[in-house]
Structure formats: C-alpha cells, structure tokens
Amino acid sequence: MKWLINLLSPWKSELFAMVGVLAVCGIGATIAGYLHIQRQNDQIATLDKRNSDLVTANKGWASHAAEQDRLRALEHKNVLLLEDKLALIEQQNTATAAQLKQLEATNAEVKEYLSRPIPADLRRLLEKK
C-alpha cells in the first residue's frame, strides 16, 4: 500500500482538488435533486386536490343528470296523457256535434232555435267539426 501512496504523492494536491470538486458537485446535485423532488411532490398534492374536487363535482353532476332524466320521463308521460285527453275531448266533441245535428233534424223547436241568429261564439262552437 505504501507503494501506491508513493506513486500518487506527486499528484496529491490535484487528487485532493478533484475529490473536493466531486464533493461540491455531488452536494450541488443532491440539493438540486431534493428541490426537484419537493416541487414534484407539491405538484402531485395540488393535482390530487384538484382531482378530488373534480370527483366531488362529477358526483353532483351525475345526480343532477339523473334528476333531469327523471323530469324528462315525467314530462313525456304527461304529454302522452294530455294527448290522450285531447283525443277524448275531440271524440266527445264529434259525438256532441253529431247528436246536435240529429237533434236539429228530429226536433222542430231546436231547428227553429238554431235558424235564428245566435251569438257568434256559440255558433262557432256548434258548427265546429
């Protein structure tokens, strides 16, 4: 081992300088790496909070969308019921108009009443087909 020390002794100061430079570079790289890791951890924490906020918002939107679907289905059901009711009213109107025509044809008193001037609204109602 003494032979190695004797061999390296002329470059002893250069070797110490290289070791010092390597130590300074190593410490600098360690600090830069530590700061980079801290920054990444901060970004991950921020993104995690943002994701949790988005998940919460999406849960709210999902319930809102389900409520909208329920209301659309209810509205569709109401439209169908109203269409059925309108068809029934039109059918009753047709039946009433037919009964009125039959009554006018068979009853002279009704025929005489309908031949006189009657209010325009009533005439439109009676003549509607």
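How many salt bridges does a search of the whole structure find? The search finds three, where a salt bridge is a side-chain nitrogen of Lys or Arg within 4 Å of a carboxyl oxygen of Asp or Glu. Before you select them, note that this is a predicted model, in which local features need pLDDT of at least 70 and side-chain atom pairs count only at pLDDT 80 or more, while totals for chains, interfaces and linings use all residues. Residues are numbered from 1 along each chain as its sequence is written, and side-chain values use heavy atoms, with hydrogens and water left out.

**Stop one: the charged pairs**

Side chains of opposite charge can pair when their charged atoms come close. Select D53 and K49, which form a salt bridge whose closest N and O atoms are 3.3 Å apart. The two are separated by about one helical turn, because they stand four residues apart in helix α2 (residues 12-106); helices here are DSSP runs (H or I, at least four residues), numbered from the N terminus. D53 is partly exposed at 43% relative accessible area, whereas K49, at 53%, counts as exposed. For these words, buried means under 20% relative accessible area, exposed over 50%, and partly exposed in between, with a 1.4 Å probe and protein chains only.

Next select R70 and E67, where the closest N and O atoms of the salt bridge are 2.8 Å apart. Both residues lie in helix α2, three residues apart, about one turn of the helix. R70 is partly exposed, with 45% relative accessible area, and E67 is partly exposed as well, with 35%.

Then select D69 and R72, whose side chains meet in a salt bridge at 3.1 Å from N to O. Three residues of α2 separate them, about one helical turn, and D69 is partly exposed at 48% relative accessibility.

**Stop two: a nonpolar patch**

Now select M1, W3, L4, I5, L7, L8, W11, L15 and M18, which form a nonpolar patch on the surface with about 990 Å² of accessible area together. A patch of this kind joins nonpolar side chains (Val, Leu, Ile, Met, Phe, Trp, Tyr) within 5 Å, taken from residues with over 30% relative accessible area and no salt bridge, and the areas come from the Shrake-Rupley method with a 1.4 Å probe. The elements that give two or more residues to this patch are α1 (2-8) and α2. Which of the elements gives the most to the patch? It is α1, with five residues, while M18 is found in helix α2.

**Stop three: where two helices cross**

Two packed helices are described by the angle between their axes and the distance between the axes. Select α2 and helix α3 (residues 108-115), whose axes come within 5 Å and cross at roughly 110°. That makes α2 roughly perpendicular to α3, a term for angles of 65 to 115 degrees. To see the meeting place, select L100, L103, E104 and T106 in α2, which meet A108, V110, K111 and L114 in α3.

**Stop four: a loop residue**

Is I118 buried or exposed? I118, in the loop between α3 and α4 (120-127), is buried, with a relative accessible area of 12%. Leaving aside its neighbours within four places in sequence, I118 is in contact (heavy atoms within 4.5 Å) with Y113, R123 and L126.

Finally, select L47, which lies in helix α2 and is partly exposed at 47% relative accessibility. L47 and R123 are 76 residues apart in sequence and 74 Å apart in space, C-alpha to C-alpha.

Terms used. Patch = residues over 30% accessible without salt bridge, like charges linked within 9 Å, V, L, I, M, F, W, Y side chains within 5 Å. Axes fitted to C-alpha atoms, helices over the stretch in contact; angles between N-to-C directions. Parallel < 35°, antiparallel > 145°, perpendicular 65-115°, else oblique.
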